[in-house]
Every structure is written in structure tokens, then in C-alpha cells.
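Me: I would like to learn how to read a model like this one, feature by feature. Please show me the sequence and the structure before we start.

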Amino acid sequence: MKSAVYPGSFDPVTYGHIDIIKRAARMFDQVTVAVLDNKAKTALFSVEERVRMLQKVTEDIPNVRVDSFNGLLVNYAARENLHVAIRGLRAVTDFEYELQIAQTNRLLSKGALDTIFLTTSLQYAYLSSSSVKEIAMFDGDISMCVPPYIEEKIREKLKAGR
Ligand code: PNS
């Protein structure tokens, strides 16, 4: 069985992420979307909330499962017997950072974890979770960035924090 892990912060999941998940799900028998539980970074949504939101927006893709991890991706991947990581590349600006992570992961895992890059669909090339949060914070329109369910969750969260 060909499996892959798609790791990320997903704070929150956007149409750009969903596009990558759908395309990866067509290439692999199983795709594990793995949410990083990074205590050092302040997130808008808790890991549990992010996992639930990802589960909801991927519920119609049977070969996708959602999980969370903390610590190094290579250790999580080894525990789960996953040997391919998927990452999306939006523009050249992503490349240096992504290349560094991919090389580090290959080195740390002694070659057990390779990374495959999918180029983001053009309509999502400038989309990021941080810009979605910023637009929403100033009551801008995020309907082209996230599904209605996620938009509702963002609005609820921002309202609660005001
Ligand atoms: O969505 P993001 O924040 O760009 O995802 C980054 C992520 C989660 C893929 C990356 O930070 C990661 O894998 N972190 C886990 C810690 C780790 O394994 N670091 C070693 C590679 S430098």
C-alpha cells in the first residue's frame, strides 16, 4: 500500500491545503494529514479543533485520515511507517525553506523519509493561513479562501476573542 503524510500547521485549513490533499489522495492509497502540535507557536485554533476541521472538510475523501503529532516529523513518520511526506509549493519564495526541511528530514531519517512537492493550483498560489486570519480579523471576505464551515469557525473564534 502506498501511503504518504501531509504535515503542517493547518491553522486553519484553506482551499490551498484541500487542493493538495485531494491531489495527493489520487496518487496514494492512503494520505495522513498530520497537524503539528507546536507548543512554541501561538495558534488561533487548538490542535483538536484543527484536526476536527480537517476531518470535516475531508470527510468525502475515503483514503484520507487526520492525525496530530508533536516533536520531529521523522519520528512520527517512523512510528506510523510512513516514508513519503507531501508539501505544497506556492512560489519560489517557499522553495528555500521547503528544501531545507526536506533535506533535514532525509538526513535525520537516514533516507527513510523522502519529500514530494506538489505545485499549488494557480488560483491558490497566494493563499496562506496567516493571510486568511488577517483578512478575517479586519472583517474582509474570506469566502474564496476557505470552505463555509471553516469560515464560520474562524468568525466564531474571532468573535469569542473580542
Ligand atoms: O504548515 P507549516 O507550518 O508550514 O508546516 C511546517 C511543518 C509542520 C511541516 C514543519 O515545521 C515540521 O515538520 N515541524 C516538525 C518539527 C520537525 O520535524 N522539524 C525538522 C525539520 S526542520
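**Reading side chains, pairs and the ligand shell**

Reply: E156 is partly exposed, with a relative accessible area of 43%, where buried means under 20%, exposed over 50% and partly exposed in between, taken with a 1.4 Å probe and the protein chains only. Bear in mind that this is a predicted model, in which local features need pLDDT of at least 70 and side-chain atom pairs count only at pLDDT 80 or more, while totals for chains, interfaces and linings use all residues. Residues are numbered from 1 along each chain as its sequence is written, and side-chain values use heavy atoms, with hydrogens and water left out.

Me: Which side chain meets that of E156 in a salt bridge?

Reply: A salt bridge is a side-chain nitrogen of Lys or Arg within 4 Å of a carboxyl oxygen of Asp or Glu. Here the partner of E156 is K153, at 3.7 Å from N to O, and K153 is also partly exposed, with a relative accessible area of 24%. The two residues both lie in helix α6, 3 residues apart, which is about one turn of the helix; helices (H or I, at least four residues) and strands (E, at least two) are DSSP runs numbered from the N terminus.

Me: How many salt bridges does the structure hold, and which residues are linked in a network of them?

Reply: There are 11 salt bridges in the structure, and R65, D67 and E80 are linked through a network of such pairs. One of the bridges joins the side chains of K157 and E49 at 3.0 Å, N to O. K157 lies in helix α6 (residues 148-161) and E49 in helix α2 (residues 47-57), so this pair ties together parts that are 108 residues apart in sequence. As for accessibility, K157 counts as partly exposed at 25%, and E49 counts as partly exposed at 23%.

Me: What are the relative accessible area of D94 and the relative accessibility of R90?

Reply: D94 is buried, with a relative accessible area of 11%, whereas R90 counts as partly exposed at 35%. The side chains of D94 and R90 meet in a salt bridge of 3.0 Å, N to O.

Me: Which residues surround the ligand?

Reply: A residue is placed around a molecule if one of its heavy atoms lies within 4 Å of it. By that reading the ligand is surrounded by G8, S9, L36, K41, F69, G71, L72, L73, R87, Y97, I101 and N105. Helix α4 (residues 92-108) gives the largest share of this shell, 3 residues.

Me: Where does L122 lie, and where does L107 lie?

Reply: L122 lies in the loop between β5 (114-119) and α5 (129-137) and counts as exposed at 76% relative accessibility. Its C-alpha atom is separated by 9.8 Å from that of A91, 31 residues apart along the chain. L107 lies in helix α4 and counts as exposed at 72%; the C-alpha atoms of L107 and R52, 55 residues apart along the chain, are separated by 32 Å.
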